[in-house]
Amino acid sequence: MLALDLEDIAVSFPGLAAPVLRIDRLALTAGSQLAVTGPSGSGKSTFVNVVTGLERVGQGRIRWGDTDIARLPEGARDRWRGHNIGLVMQDFHLFLGLSALENVLLPLRLSRRAGKTSIDRGRALLERVGLTRPDQAIDGMSRGEMQRVALARALLRRPAVLVADEPTASLDAEAGAVVGDLLIELASAEGSTLIVVSHDTTLTGRLARRLTLAAGRIASDEVGRAQAA
Ligand SMILES: Nc1ncnc2c1ncn2[C@@H]1O[C@H](COP(=O)(O)OP(=O)(O)OP(=O)(O)O)[C@@H](O)[C@H]1O
């Protein structure tokens, strides 16, 4: 797990009068669980791209532990992300035609490091997310099952940070609840700091801290779980 310390961040695009994201200071303790909410266009995806090092910032510091990823050149940032961040996206980013286990192992296969230990861990993670047929093709799976495969894949390399961008948005309520439970439980069990961007108030209300963005700024920062609806 890693702590985050964001300082003096601004992301701007040519032709726009104001930065699309402007954060003076945001600190997150290692192992904590943060929800990020806000209306469409408020800067949530930009926030995810900044903290994962996918978006370059014009100024400021993005410190994860002792590493300021804003200072890393692109190749080093990509390697840092590969080692430290597990990503779960709304639309899964899975490869049809491959099995569940092959998808989970893909990040390692690409770097040619899928040995027996990793294969065993991949199988164990699939079982942990409730999928007992590792060789099942992705094509025949439900959307909820696909997202559970994506979660197992994100956890394969024991990431210090798990980032989920609208992980339940394309799921029905029941499947979304299962994926939300697993995200929270597994981030905690695996010791990953968790950041979840979501409009799903059932999910965000269960996280210990909720950041609301509006027009690229932090509009509120609440600590404490929301009351169940
Ligand atoms: N590459 C870009 N060039 C210009 N403007 C951009 C670019 N990327 C994002 N923006 C603008 O930045 C603002 C924030 O976008 P962002 O995608 O971070 O919002 P969001 O809160 O994730 O929205 P949504 O909930 O609709 O996904 C928007 O006004 C968007 O149009």
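Predicted model: local features only at pLDDT ≥ 70, side-chain atom pairs only at ≥ 80, totals over all residues.
Trainee: Of the contacts in the protein with a separation of 6 or more, what share comes from residues 24 or more positions apart?
Mentor: The share is 70%.

Trainee: What makes the radius of gyration agree with a compact globule?
Mentor: Set the value against the rule. A compact globule of 229 residues would have a radius of gyration near 17 Å. The protein has 17 Å, so the two agree. Its C-alpha atoms fill a box of roughly 50 × 45 × 35 Å along the principal axes.

Trainee: How many helices and strands does the protein have?
Mentor: Seven helices and 10 strands. Six strands form an open sheet, in the order β6-β7-β8-β3-β9-β10, with mixed pairing.

Trainee: Why are β6 and β10 called edge strands?
Mentor: Look at their partners. β6 (85-89) and β10 (217-223) each pair on one side only. From one strand to the next, the twist averages 15°.

Trainee: How do you know that β3 and β9 pair?
Mentor: Count the bridges. Pairing needs at least two. Four join β3 (residues 33-37) to β9 (residues 209-214), and the two strands run parallel. Thr37 stands opposite Thr212 in β9.

Trainee: What makes β8 a partner of both β3 and β7?
Mentor: Apply that cut-off again. β3 and β8 share four bridges in the parallel sense. Ala35 stands opposite Val196 in β8. β7 and β8 are joined by five bridges and run parallel. Here Leu162 stands opposite Leu194.

Trainee: What makes β8 mostly covered?
Mentor: Five of its five residues are buried. A residue is buried if 20 or more other C-beta atoms lie within 10 Å of its own. Thr193, Ile195 and Val197 point one way, Leu194 and Val196 the other way, and all are buried.

Trainee: Why do side chains alternate like this in a strand?
Mentor: In a regular strand the side chains alternate between the two faces of the sheet.

Trainee: Why is α1 called largely enclosed?
Mentor: Six of its eight residues are buried, so the rest of the structure largely encloses α1. The buried ones are Lys44, Thr46, Phe47, Val48, Val50 and Val51. Across the protein, buried residues make up 39% of the 229.

Trainee: Where does α1 lie?
Mentor: Helix α1 (residues 44-51) lies across β3, β7 (161-165), β8 (193-197) and β9. It runs at about 155° to β7. Just after α1, Gly53 takes a positive phi of about 80°.

Trainee: Which strands does α6 lie across?
Mentor: Helix α6 (residues 173-190) lies across β3, β7 and β8. It runs at about 160° to β8.

Trainee: Why does Ala173 count as exposed?
Mentor: Ala173 is found in helix α6. It has 9 C-beta neighbours inside 10 Å, so Ala173 counts as exposed. The cut-off is 12 or fewer.

Trainee: Which residues are around the ligand?
Mentor: They are Phe13, Val20, Gly38, Ser40, Gly41, Ser42, Gly43, Lys44, Ser45 and Thr46.

Trainee: How many residues of this shell are nonpolar, polar and charged?
Mentor: Two are nonpolar, seven are polar and one is charged. Lysine counts as charged, so Lys44 is the charged residue.

Note on methods
Residues numbered from 1 in each chain as written. Near = placed C-beta within 6 Å. Axes fitted to C-alpha atoms, helices over the stretch in contact; angles between N-to-C directions. Contact = placed C-beta atoms within 7 Å. Rg over C-alpha atoms; globule rule 2.2 N^0.38 Å.
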